[in-house]
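Hi,

Here's the structure I said I'd pass along. Have a look at it first, and then read on for my notes on helix packing and cavities.

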Amino acid sequence: MTNDIHLHMAKLRAKFIRHRAYHELSEQFDIQLNRRRAALEAGTAFKAEAIALTGASGSGKTTAVDHAINKRDDLILPSHGQDVCEIVPLLVPTPATLKTVGATLSEALGYELVRDKSAALIWQHARKLLMARRTLFVHFDEAQDIYLSRGDRGRNEVVNTLKSIMNNKDWPVGLILSGTPDLLHMINADRQLQRRVRVVQLSAVSFVSHGLDVCDFLHGYAKESALPVVPSLQEDDFLKRLIHSAANEFGLIVDMILCGIEECLVTGGRELATNHFAEAFRKKTACLPAFNPFIAQDFLRIDVTRVRDLGESE
């Protein structure tokens, strides 16, 4: 029975909820991809652009980009094992230097560096690899790390390196940049880059703006789990607590809903109730009741982004 529950939860977690920012991202990606393919077919020059998706940690940026890419059945991905690789997804490594990012990109394109080279040589080779693999886009996830880890001079080098990928006259490559709002500092630092970036922002969720949506998500997942929902879970107070428990971030709210459902199923509950969410939050953070937003009276004062020591007072 436990295995059936975990299989069910795995299927629920694999579902993707489309939202406004995703639709904007997907639309921009389709437009830029179709423009590039049309230019290649016509044999005309092409000016590559970039898409930037920003949002706080837990907002669902990476999931949104992955879904926008994978929904295209006609796109040749690295997993297809072909010589052509139309898009390369890349998580910016730590430490985030131009050398480590360039080396990681080269490896993703199928070339492993066998000796130490300068950042300039690494990126020169990477641009040749992008042309050889007929790559149309590179996705840099947590892109702000490349920029924030550098001083003023180094930051200029980062911007110029990214522009060199888009400006390559032999094979321009579009960029998808996803990261925290700090990514906007990099975009605003260079007027030329700013003009060529289409920005999509995953804004914070609030009860006023998304209360009804959150309620729908909750009921939808509960219905798929064959769980009745107690009436109090439809009330404003619970929905506000749920949104606050996830730091007002879309991805974390969905995760909290799923954790509450899983707690109910694993413990043999017959209907989804507040106590399942309270216990799921406690297991996640090891918090005392005073710091549990599903229990505490003045829950809005709780900083849910902190994990507190059990001996810490209010």
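Is the crossing of α4 and α5 left-handed or right-handed? One thing to keep in mind before the answer: this is a predicted model. In that model, the crossing of α4 and α5 comes out left-handed.

Some more on that pair. Helix α4 covers residues 98-108 and helix α5 covers residues 119-132. Their axes sit 9 Å apart, and the packing angle is about 25°. Angles under 35 degrees count as roughly parallel, so α4 and α5 are roughly parallel to each other. On the α4 side, the contact is made by Leu 98, Lys 99, Val 101, Gly 102, Ala 103, Leu 105 and Ser 106. From α5, the residues taking part are Ala 119, Ile 122, Trp 123, Ala 126 and Leu 129. Sorted by class, that contact has 9 nonpolar, 2 polar and 1 charged residues.

The other pair I looked at is helix α10 (residues 207-224) with helix α12 (residues 250-266). Here the axes come within 10 Å and cross at roughly 35°. The crossing of α10 and α12 is right-handed, whereas that of α4 and α5 is left-handed. Val 214, Phe 217, Leu 218, Tyr 221 and Ala 222 are what α10 brings to the contact. They meet Phe 250, Ile 253, Val 254, Ile 257, Leu 258 and Ile 261 of α12.

Now the cavities. There are 2 of 30 Å³ or more in the structure.

The largest cavity holds about 70 Å³ of space. It is lined by 10 residues, and the closest to its centre are Phe 281, Cys 287, Phe 291, Asp 303 and Arg 306. The whole lining divides into 6 nonpolar, 1 polar and 3 charged residues.

The second largest cavity has a volume of about 40 Å³. If you want to find it in the viewer, select its lining: Gln 32, Arg 36, Phe 46, Ala 48, Glu 49, Leu 136, Phe 137 and Gly 174. By class, that lining has 4 nonpolar, 2 polar and 2 charged residues.

Cheers

Conventions: Residues are numbered from 1 along each chain as its sequence is written. This is a predicted model: local features need pLDDT of at least 70, side-chain atom pairs count only at pLDDT 80 or more; totals for chains, interfaces and linings use all residues. Side-chain values use heavy atoms; hydrogens and water are left out. On a 1 Å grid over the protein atoms alone, a cavity is a set of points where a 1.4 Å probe fits but cannot get out, and a pocket is an open set with protein on both sides within 12 Å along at least five of seven lines; lining residues have an atom within 4 Å of a point. Grid points are joined across faces, edges and corners, and a volume is the space filled by probe spheres set on the points. Ala, Val, Leu, Ile, Met, Phe, Trp, Tyr, Cys and Pro count as nonpolar, Asp, Glu, Lys and Arg as charged, and the others, Gly among them, as polar. Axes are lines fitted to C-alpha atoms, for helices over the stretch in contact, and angles run from 0 to 180 degrees between N-to-C directions. Helices (H or I, at least four residues) and strands (E, at least two) are DSSP runs, numbered from the N terminus. Angles under 35 degrees count as roughly parallel, over 145 as roughly antiparallel, 65 to 115 as roughly perpendicular and the rest as oblique. A crossing is left-handed if the near helix is turned anticlockwise from the far one by less than a right angle, and right-handed if clockwise. Contact means heavy atoms within 4.5 Å.
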